Amino acid sequence: MKEHDRLVATGLVVLMVILGLGFLVHQSPRFAGSAWGGALGVSGAVLMLVPLAYLVIKRVPPLKRTVTRRVSMRTLLAWHVYAGIVGPILGLLHTGHKFDSQLGIALTALMVIVVLSGFVGRYLMGQFSQTIRAKKEMLTGLELVYRQTAGELAAHPEQVAIVRPLAGFWSRLMGGLLLARPAGVPATASAPVRALRLSESMADLEYAIKTHEAFKRWFAGWLKFHIIISFVLYGLLALHIWVGIYFGLRWFR
Ligand code: HEM
């Protein structure tokens, strides 16, 4: 189910980016104020309020208890994600790619950034955690085999002499180049060769885990970022609606 959600969300985000880039080839200055343009704008704004409703439900315990009796938080998050992408798509269609005012440009840019930050947090962070978990499991398996191999080597000190010259950094590097490295570590390889290949594989895995953990740390602040820019977005959206009603109705009168 999560895989299906991820595919649909990715497709919608790609569609949103393509629609956003549409301003390079298309502009319709009067569309936003037309009946269809207005309907798209209002529908987009209403959908963009769904994530705000999610926040209120999540953070007001009595409301959360009442709502989750009928709908799970997981389902509410899925609504948040879909409404949070489809709303900005309708918002983009509403613009007719007319980006004349600073408010309009800022609102459109923020809409896209909020969606992208949500997408990164929801799917890429999960991916990082999954990859780190899988690599740690692999590392634990290799450490086990390495300990057995080290035990074998300890029982045959003459074999340790074979790998001792490869203990330094440069000789280690040369050893790695000279020794052919088939995929995996065959159990039939001699203990010194196995120890060498295992230590290389473990070092590679440790490096990959550290890199993924560093990425995860960099993105750890994503939710704070996502919430803060969401509120700036709601502020600008309210201003945009107020400007539309104030000036629109003034001219109407
Ligand atoms: C108009 C677009 C969006 C707005 C205004 C918005 C706003 C918010 C807000 C205010 C929160 C904080 C909820 C809380 O923890 O109290 C939040 C959380 C979150 N958002 Fe969005 N969001 C939008 C789109 C998206 C999209 C497109 C995705 C993913 C594809 C997404 C994924 C998430 C996730 C995973 C959380 C954390 C949920 C949790 O931990 O309970 N958001 N969003």
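Let's start with Glu-206, which is partly exposed, with a relative accessible area of 37%. Partly exposed sits between two limits: buried means under 20% relative accessible area and exposed means over 50%, worked out with a 1.4 Å probe and protein chains only. Glu-206 belongs to helix α9. Helices here are DSSP runs of H or I with at least four residues, strands are runs of E with at least two, and both are numbered from the N terminus.

Before going on, a word about the model: it is predicted, so local features need pLDDT of at least 70, side-chain atom pairs count only at pLDDT 80 or more, and totals for chains, interfaces and linings use all residues. Residues are numbered from 1 along each chain as its sequence is written, and side-chain values use heavy atoms, with hydrogens and water left out.

**Back to helix α9**

What does Glu-206 touch, leaving aside its neighbours within four places in sequence? Its contacts are Leu-139 and Glu-143, where contact means heavy atoms within 4.5 Å. Glu-206 and Leu-139 are 67 residues apart along the chain, yet their C-alpha atoms are separated by 7.6 Å.

Ala-195 lies in helix α9 too, which covers residues 191-219. Ala-195 counts as buried because its relative accessible area is 11%. Setting aside neighbours within four places in sequence, Ala-195 is in contact with Tyr-146, Thr-149 and Leu-153. From Ala-195 to Glu-152 is 43 residues in sequence and 9.9 Å in space, C-alpha to C-alpha.

**The whole chain**

How many helices and strands does the protein chain have? There are 10 helices and 0 strands, so the pattern along the sequence reads α-α-α-α-α-α-α-α-α-α. The protein chain has 253 residues, and 31% of them count as buried. Its accessible surface comes to about 16300 Å², with 70% of that belonging to carbon and sulfur atoms; these areas come from the Shrake-Rupley method with a 1.4 Å probe, and for residues only the protein chains shown count as cover. Now take the contacts with a separation of 6 or more: 80% of them are between residues 24 or more positions apart.

**The nonpolar cores**

A nonpolar core is a set of buried Ala, Val, Leu, Ile, Met, Phe, Trp, Tyr and Cys residues joined through side-chain atoms within 4.5 Å. The largest one here has 21 residues, and Ala-9, Ile-85 and Leu-233 have the most contacts inside it. At least two residues of this core come from each of α1 (2-21), α2 (35-48), α5 (73-95), α6 (102-155) and α10 (222-252). Helix α6 gives the largest share of this core, 7 residues.

Leu-233 touches Met-48, Leu-107, Leu-110, Met-111 and Val-114, if you don't count residues up to four places away in sequence. A second, separate core has 7 residues, including Ile-132, Leu-139, Leu-198 and Met-202.

**Around the iron**

Which protein atoms are donors to the iron atom of the ligand? They are NE2 of His-80 and NE2 of His-226, lying 2.0 to 2.1 Å from the iron. Donors are N, O and S atoms within 2.8 Å of the metal (3.2 Å for Na, K and Ca), and sites may look incomplete because water is not among the atoms. His-80 sits in helix α5 and His-226 in helix α10, so this pair, 146 residues apart, links distant parts of the chain.

The iron site is octahedral, with angles of 86 to 179 degrees among its 6 donor atoms. Octahedral means six donors, with opposite ones over 155 degrees apart and all other angles between 65 and 115 degrees.

Ser-230 is also in helix α10. A polar atom of its side chain lies 2.5 Å from the backbone oxygen of His-226.

| Residue | Relative accessible area | Class |
|---|---|---|
| His-80 | 17% | buried |
| His-226 | 12% | buried |
| Ser-230 | 12% | buried |
| His-97 | 10% | buried |

**A loop to look at**

His-97 is in the loop between α5 and α6. Its phi is near 60 degrees, a positive value in a residue other than glycine.

Lys-98 lies in the loop between α5 and α6 as well. Is Lys-98 buried or partly exposed? Lys-98 is partly exposed, because its relative accessible area is 39%. Leaving aside neighbours within four places in sequence, Lys-98 is in contact with Ser-28 and Pro-29. The C-alpha atoms of Lys-98 and Ser-28 are separated by 6.2 Å, though the two residues are 70 apart along the chain.

Notes: Four donors count as tetrahedral if all angles lie between 85 and 135 degrees; four count as square planar and six as octahedral if opposite donors are over 155 degrees apart and all others between 65 and 115; anything else is irregular. A polar contact is a pair of N or O atoms within 3.5 Å; within protein, one must be able to donate a hydrogen and the other to accept it, and residues adjacent in sequence count only if both atoms are side-chain atoms.
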